Amino acid sequence: MTVNLLDLDSAGLTAFFAEHGEKAFRATQVLRWLHRCGQNDFDAMTDIAKSLRGKLKDIAVVAPPAVISDRVADDGTRKFLFDVGGGNAVESVFIPEVERGTLCISTQAGCALDCSFCSTGKQGFNRNLTVAEIVGQLWQVRQALGADPGQDAQDERVISNVVLMGMGEPLANLEHTVTALRVLLDDNAYGLSRRRVTVSTSGLVPAMDRLRDECPVALAVSLHAPNDRLRDELVPINRKYPLRELLGACQRYLEKAPRDFVTFEYVMLDGVNDTDAQARELLALTRGVPCKFNLIPFNPFPGSAYRRSPAARIRRFAEILIEAGVVTTTRKTRGDDIDAACGQLAGRVFDRTRRTGQQILRLDRVDLCT
Ligand code: SAH
Ligand code: SF4
């Protein structure tokens, strides 16, 4: 059976080479070729014996998901759409800034959690992405950003931050997410610092504990409501893991987290969760948890039942949090002209309902996740 080497972290590669009677250091060599150098041609892996290179061609491939489209907005935001087979596509968004470059990647095709304001949720769940499909987004974007083959990913650092805030719920695909995170953090691969890799979750409590134990990175939690009654409606997983349990998991997470705060994401929905009273309720709710807030202006999508809060309302809501001493930022809308504006997670699947059978891309907005 052919193995996709992008599916394997250091431990996986070591086991793979052991199975084939090869020494463990081969894993380090290959990891560096694959991820630091972005190499997918075994013949170019010059420090590997020719005979082993020949064998690798028979038993292994380097297969990231194929890029279907790659568009750049006027502000430099760049959106990639990847084919993950079976008519499914997922997205990554690269956001260049002066001091950093952030890549937002997807972990599932669709999502089963069905948050009422989320377009990914509305399209239902298709499947978990493989490790190669998660890491492969980074692998491909790095190539597309013009890295020279052979150039060291860690010297160039065009992608300095990665956020798992694209399509899907990373903690519902925990096993693949953790292996992918290990590749992101590995010094022989991308060598990213734990503080610069962020997992965003809608609040799968047991998986938050496992992430903390297995591979703690920066954590963002999609809160969106100041009480269980409203959160049950907006984020249905709240019925299973209500706020008290979620906040307890946040506190436990912080014991091992690389940062000493959790980022609470809060989508601003006009007349639903954006009043002064709700801002105060939010402060009371989160008092025991060291946190920052990131307010996300809602991005509508066809058929969505909500409106974005007016700018003045968002400012006032932020002020109340800031006046209480909580660091609060409002997410910028970027990449508008290519539908990569902040808010809506698209990566939209092909529209298979068309009778023509033609595959039509529905490029909606994607979340920019900074
Ligand atoms: N499933 C994870 C990560 C992906 S969603 C999670 O829910 O956290 C990334 C962020 O975008 C989440 O905070 C999510 O609530 C938010 N989001 C989803 N739909 C949105 C929309 N239409 N407008 C603004 N933000 C949205
Ligand atoms: Fe899934 Fe996150 Fe969208 Fe909720 S907000 S449906 S958890 S992707």
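Two strands are said to pair if DSSP finds at least two bridges between them. Helices (H or I, at least four residues) and strands (E, at least two) are DSSP runs, numbered from the N terminus. By that criterion, strand E5 (residues 89-96) and strand E6 (residues 101-104) pair in the antiparallel sense over four bridges. In this pair, Pro 96 stands opposite Gly 101 in E6.

A word on conventions. This is a predicted model, in which local features need pLDDT of at least 70, side-chain atom pairs count only at pLDDT 80 or more, and totals for chains, interfaces and linings use all residues. Residues are numbered from 1 along each chain as its sequence is written, chains are lettered from A and ligands numbered from 1 in the order in which they are written, and side-chain values use heavy atoms, with hydrogens and water left out.

The protein has twelve helices and 14 strands. Ten strands form an open sheet with mixed pairing, in the order E3-E4-E5-E6-E9-E10-E11-E12-E13-E14. Its edge strands, each pairing on one side only, are E3 (66-72) and E14 (328-330).

Which strands does helix H5 lie across? Helix H5 (residues 131-144) lies across E3, E4 (78-83), E5, E6 and E9 (161-164), and runs at about 130 degrees to E4. Angles here run from 0 to 180 degrees between N-to-C directions, and axes are lines fitted to C-alpha atoms, for helices over the stretch in contact. Helix H10 (residues 243-254) also packs on the sheet, touching E11 (218-222) and E12 (262-268). Contact means heavy atoms within 4.5 Å.

Helix H11 (residues 276-285) and helix H12 (residues 311-323) pack at an angle of about 30 degrees, with axes 9 Å apart. Among the residues that meet are Leu 282 and Leu 283 in H11, and Phe 317 and Ile 320 in H12.

In helix H8 (residues 205-214), the buried residues include Val 205, Met 208 and Leu 211; buried means under 20% relative accessible area, with a 1.4 Å probe and protein chains only. The cover over the buried residues of H8 includes helix H7 (174-185), strand E10 (197-201), E11 and H10. Across the protein, buried residues make up 58% of the 370 residues.

Finally, ten residues surround ligand 2, and the closest are Cys 111, Cys 115, Cys 118, Gly 121 and Ser 202. A residue counts as near a molecule if one of its heavy atoms lies within 4 Å of it.

Notes
Buried < 20%, exposed > 50% of the residue type's maximum accessible area, 1.4 Å probe, protein only.
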